[in-house]
Amino acid sequence: MRKVKTSAIALLVGSAFNAHALPIPDDLDQALTELIAQHGLTGKPDNGFDLPGVDDPEVKLGKLLFFSKALSGDKQVACASCHHPYLGGGDGLSLPVGTLAQDPDVLGPGRKTTTGQFYVPRNSPSIFNAWVHKRSLFRDARVEFLDWLNPEQGISTPDVPHGEADPNAGDSLLAAQARFPVVTPSEMQGFEFMKGAPNEAVRAHLAARIGNYGSAQGELFRNQWRDYFAAVYGDKSAEEIVTFDNITRALAAYQQSMNFTDNPWNRYVQGDKNALSESEKRGAYLYLYMPPPPSDGGSEPDFLPTQCIGCHNTDSFSQTKGTNHHRLAFPQIGPGIGEPGDESNDRGRMLRNQSLDDIYSFRSTTLLNVEVTGPYGHAGSYDTLEEVVEHYDDYHAVLDNYIDNQGWCRQPQFKDIENCVDLFPDTRQHTDAAAKIIDDEIADGAPVLRKLELSTQEKADLVNFMKALTDPCVKQAECLMAWLPQPQEGDPDGLQLFAKNYQGVPLYLPADCRQGDTAVTGSRLLLAQGECISGKAHYFYVDVTQDNTTLYFSSRGGAGRPRLFYNADQWASTANAQAISRGTGTEQVLKVTVNRGRHFVSVLDPQGYEGLTIAAGIDSALREPGEQPRDIVNACEQGLPSGYAELMPGRAQCASSGDSYFFVKVTEPGSTLEIRTRHGVGNSDLFVSNFWPSTSMYTFASRSADNTEFLRIDGAAPGWYYFLLSGDGQNEGVSIQVDLIRPDHLKAHKQNRKLN
């Protein structure tokens, strides 16, 4: 007979949850109080942790590093590319896309590889509250304390054999973990960068790139990193302070600052009995209840019935008690780990420790904020918590349905792929192998993945309780903004990730419009915050705090044929709109360049729309995309300067010294103007308007310290646009160029991308 593990085995919820055997007590608060005491819960997961604040200087440095693409081999991937705060600290995908992304700045559904292939085999874990994990990190726990109760024994990592301490691991699990994405080809290193080089050589080169020294000196077009490191680690040479050890310390500090534990459940545990709804309380009881061991007059069994808290325990809702790895038989989609002869398989923890006892086992993660951290499972095969609970209730039925009907084809990442049904042909074989082991354990008497026999309401209660583990901050863009780089914090290398979604608009917190919640018309539209609307007309305003801002409005999802209408001065209508969205169906995008103040947008459809998501976002109109400014022809080497001329789009013009005036005509509504100046000496500033501007009267302006000006005007209305290039009296040899992007060109560009 197979030996059954004696600790809490592979359960989210256990066999004790029989709907007929577990009546909910009349005094639910009292019953929960007793269970809370039984499990030693305090409602304070951060007790005993020394966590830095988000304003800590090391945290701020770590934030800039986390969002810089300079840490990837080809300078195309940032840590935040797969772990973004607006995507639950992950990437919103079942399977991550690291290197080889079609558009490095696109995150979430719509982020695809240039080859159409998948290379990363496991779902991106959330960085939210990653500090609660005291024992190990990564889904196969390949970064782990040798003895988490005695941390001084060291941390084992893939750089050393299993069971040995890595002398370079650093002083925390998060610092040790940060050493590995940058040396993984499919994640950040790239398949060609330093191919075949030892891990330490790759890390040393990346540190030298950031520090601008040694063989990597000059690899970044702009490099201000040394001063940022000096502010944290002391005013020493770059070689002394810009080390990979310090890089990992800063990255770890940034993640340690993500203390998102102020949730309704913890408030309830601390005494606020009104913090939970009745459904959430019933779910908590189901989650926490542990019956006594069955008594049949014989000896005590060698295992105890367990439940959710058996695998997600203590205030951290992570695996602190019992075994840390569990076999759950979630569907095995994805490319697999790539072992010779078994390339499409992922045998989990066994790949690290070579123990058959851990084949197909994966580490238990925290359930704090689990509501926003999907898709779920080691390969991200389930999109909702409801699906996860159904899996635990009857895994064979759910697996058969998922695999028979290629369930991954219903998931946002895969649903529009032409050959979706053929993506993962070995899913059944590998999933069945994991399920067979669980079947054998059940036959041996283990309480693993047995039917829950919960009613529909009880399942809903359990899900509602897990949603009560959500800190409201992780669902509010204004709150999360502190963990995103802000303009005043700088961009040390010009490679900061400017995340956008598949529509090309700034990434925003998604809204689940299936819940039926609707934003209030005539109200402020929060930046980077998706809102749900249904009806025929909604009116919103947005407050912009900086001049020269690109303002984005977008809609998606739901049903209908809405259009978005913009006005700078009053509620927008079809009659007074100064800009109108473009798109198909509910997929609408509107971009305009604006100055500080209040701006208005309306969502209108005479036939009505339902379950629509509306969002607003901003970017600086002075931010030129790319690692370095785009060059233009040095027109002053080819022709005479001019102080007054019409600009031909796409053709550089040499400007006279002092002040020069230029103009260009826009013929189609919704066009985009990009104006650049380059070359020469002295300093010239750029002023733009639909009248002849001066240095004191203008609409938009770009004022850099040299002749490298850039300004992008989106949503330009038809008519003449006038430019003043105002020099300091010593400016000579300056070239100016206007690029005019017509709406039909924008439409063709979008049609060339297959959007989810």
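In what pairing are the bonded cysteines of the protein chain joined, when numbered in sequence order? I looked this up before anything else. The pairing reads 1-2, 3-4, 5-6, 7-8. I note that this is a predicted model.

**Entry: disulfide search**

I searched the whole structure for disulfides and got 4.

**Entry: Cys409 and Cys420**

I find a disulfide between Cys409 and Cys420, with the sulfur atoms 2.0 Å apart. Next I checked handedness. The torsion about the S-S bond is about -120 degrees, so the Cys409 and Cys420 disulfide is left-handed. Then I placed both ends on the fold. Cys409 sits in the loop between α14 (395–404) and α15 (427–443), and Cys420 also sits in the loop between α14 and α15. The pair therefore ties together parts that are 11 residues apart in sequence. Are these two cysteines buried or exposed? I have both Cys409 and Cys420 down as buried.

**Entry: Cys473 and Cys479**

I moved on to Cys473, which a disulfide joins to Cys479. The S to S distance is 2.0 Å. I read -100 degrees about the S-S bond, and the link of Cys473 and Cys479 is left-handed. I looked up accessibility for each end. Cys473 has a relative accessible area of 8% and is buried. Cys479 comes out at 27% relative accessibility, so I list Cys479 as partly exposed.

**Entry: Cys513 and Cys532**

Which cysteine is joined to Cys513? I find Cys532 as the partner, with S to S at 2.2 Å. The cut-off for a disulfide is a pair of cysteine sulfur atoms within 2.5 Å. The value about this S-S bond is -95 degrees, and the link of Cys513 and Cys532 is left-handed. I then located the ends. Cys513 lies in the loop between α17 (477–480) and β6 (523–524), while Cys532 lies in strand β7 (residues 531–544). This pair ties together parts that are 19 residues apart in sequence. For burial, I have Cys513 at a relative accessible area of 18%, which counts as buried. Cys532 is buried too, at 9%.

**Entry: Cys79 and Cys82**

I also looked up Cys79. Cys79 is in no disulfide. I checked burial here as well. Cys79 has 13% relative accessibility, so I count Cys79 as buried. Cys82 has 12% relative accessibility and is likewise buried.

**Entry: an open sheet**

I turned from cysteines to strands. How many strands form the open sheet that includes β14? I get 5 strands, in the order β14-β16-β21-β18-β19. The pairing is mixed. I noted β14 (644–646) and β19 (700–702) as the edge strands, each pairing on one side only. Neighbouring strands of this sheet are turned by 20 degrees against each other on average, direction ignored.

In which sense do β14 and β16 pair, parallel or antiparallel? I find β14 and strand β16 (residues 659–666) paired in the parallel sense over 3 bridges.

How values were computed:
Residues numbered from 1 in each chain as written. Predicted model: local features only at pLDDT ≥ 70, side-chain atom pairs only at ≥ 80, totals over all residues. Heavy atoms only, no water. Helix = DSSP H or I, 4+ residues; strand = E, 2+ residues; numbered from the N terminus. Buried < 20%, exposed > 50% of the residue type's maximum accessible area, 1.4 Å probe, protein only. Pairing = 2+ DSSP bridges. Axes fitted to C-alpha atoms, helices over the stretch in contact; angles between N-to-C directions.
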